[in-house]
Amino acid sequence: MIDEGLKNELAKQGVFVTSVQELYNWGRSNSVWPLSFGLACCAIEMMAASMARFDISRFGSEVFRPSPRQADLMIVAGTVTKKMAPQVVRLYNQMPEPKYVIAMGACAISGGPFKQGYNVLKGIDRFLPVDIHIPGCPPRPEALLHALITLQEKIAGQPLTGPERPRHLNAAVSGEYPVPEFGPHDLQPPRNDGLWKPLPLVRPT
Amino acid sequence: MSYPGAPAISFQPRYAPDGTEQDGELLEVSLGPQHPSTHGVFRMDATLDGEKVVRLKPVFGYLHRNHEKIAEGASYLAAMPYTDRLDYFCSLTSNWAYALTVEKLAGLAVPERAEYLRVITAELTRIQNHACVCGFLLQDMGALGTPLMYAFRERERVLDLFESLTGARMMCNYLRFGGCRCDAPAGWLDAVRGVVAEFPRFLDEFEALLSNNEILLARTQGIGAVSAAQAINGGLTGPLLRAAGINYDLRKVDRYGIYDRFEFRIPLGEHGDVFDRYMIRVLEIRESLKILEQALKTIPDGPIIDPKAKLRGFRPKAGEAYGRLESPKGELGFYLISDGGPNPYRYRIRPPSFINLTLLEDMCLGRPLADVVVILGSIDIVMGEVDR
């Protein structure tokens, strides 16, 4: 690892030094292709973020791919119902590694205003590993851009070796998650226990 | 089609053009729920003979969010934010339809200025919705990006107005029973005047680029035609009904609010095809701009909410009411039964885009699969409203 001070000194002289890790992460963090996948209201704000005023292409993510096979990022934009949840998980499984998830809006985080409904999944993090949560109902396009920048920072900071390395460089970890079934009363299973645990209920004494 | 692992299906049509059966077979294609053309999570199970649709089964429910059941358990006012999320392109007209019904139920009067603010916000909603629908329709036809970019550019200006009035871009939650939540801030009406004055320029540009475009004409004229009788029997409303030539607009029929004070015309189509629906939406934007100009000239000062209206402890007397208005998609109706309690006993929505969808199969039969996408785009569905 090169010394930061020396690196800055060299940069002043016009010599740019980098490591493979930085170069690799710089490349992939600046061309995150989202899946064009809208569920509900938040999808409209997601579209607005890709349009002229907010212009997500400034951050390298304007290429919305209709096929999960070509996408790096799933923006879960909207309410995930129990009928739709199996398809969402299946789409995630079909995406190639490395892949990331942004949960956009209150519904995707927790069920939001529709949480009490019988057909609404109470947060996509019960089935998928979510990297970034964006609160709001719906979040503004700026919030989506902020989430994207946060994701880029996260990608840029991922070490390529060692135990903390991302999943796609670690053959021992699978990037596929079990797809729930739309059962007669609820999803079967209702959550992925390896991913999500109910918060312990603390009663004030 | 011979390669290792090729599916054992034939893409040859089953029926020859003269109707005789031949060696091909029917093919079932499932479009959606994740499909770039379905405007949300909507699925169509299409059965194809060669490339022609012989059967098309819509499958919904992927966005069923229990709106009605939740609203029956919540107080009357607490259901207002849910109506925003019903048709998330046009939250203000959904608000108005609900407020109209509750006012009918509770017998509340709306002050003059509030009525004007309602008309202004509803017509602004209509122009941004129609502009976006035309953009989406063209996107479905393969004009990737540009028309939708133009439409969203104009939509952002309208959303800026909504934001400065209500505090939110999309989920405005602006109306209250018997009036509006807050008065227009200083300079807001001038800002609306600016947008209204500039909007025709966008429309002229949009039309110059598109309305006589040869590709657009070829893809839309004569596609998905619905006759007037079919449209009435299918219960179509809104631009689809008027494209079939029926002069039925609730702004003229019911004259709810203060629509009897404005001069505007109802554009009508002749053929009921996709092109007529597109043109009707463009012409309706121009008529809405006329309404806005008149409303902005004559808006009076005064209170914005009925002093009798109670925000807390609101319990309308027992009874039932059906309120409806012309939302950008068609007739949006709310049916409420009150038992005198703080929450409605029954809460039911007549969503226009759901009922307009019932004729989808009739429009698509015999057309190639590529036209299904265009026809669906012209119906203007919003899944939040279809599935509720």
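Reader: Which residue in β7(B) is the bridge partner of Glu320(B)?
Author: This is a predicted model, in which local features need pLDDT of at least 70 and side-chain atom pairs count only at pLDDT 80 or more, while totals for chains, interfaces and linings use all residues. Residues are numbered from 1 along each chain as its sequence is written, and chains are lettered from A and ligands numbered from 1 in the order in which they are written. Strands (E, at least two residues) and helices (H or I, at least four) are DSSP runs numbered from the N terminus, and strands pair if DSSP finds at least two bridges between them. Strand β6 (residues 319–327) of chain B runs antiparallel to β7(B), joined by 9 bridges, and in β7(B) the partner of Glu320(B) is Ile337(B).

Reader: How many residues of strand β7 (residues 330–338) of chain B are buried?
Author: A residue is buried if 20 or more other C-beta atoms lie within 10 Å of its own, exposed if 12 or fewer, and partly exposed in between, with C-beta atoms placed from the backbone. The strand is largely enclosed by the rest of the structure, because the buried residues among its 9 number 7.

Reader: How many residues does the contact take from chain A?
Author: Residues are in contact if their C-beta atoms, placed from the backbone, lie within 7 Å. The contact takes 26 residues from chain B, and from chain A it takes 29 residues.

How values were computed:
Contact = placed C-beta atoms within 7 Å.
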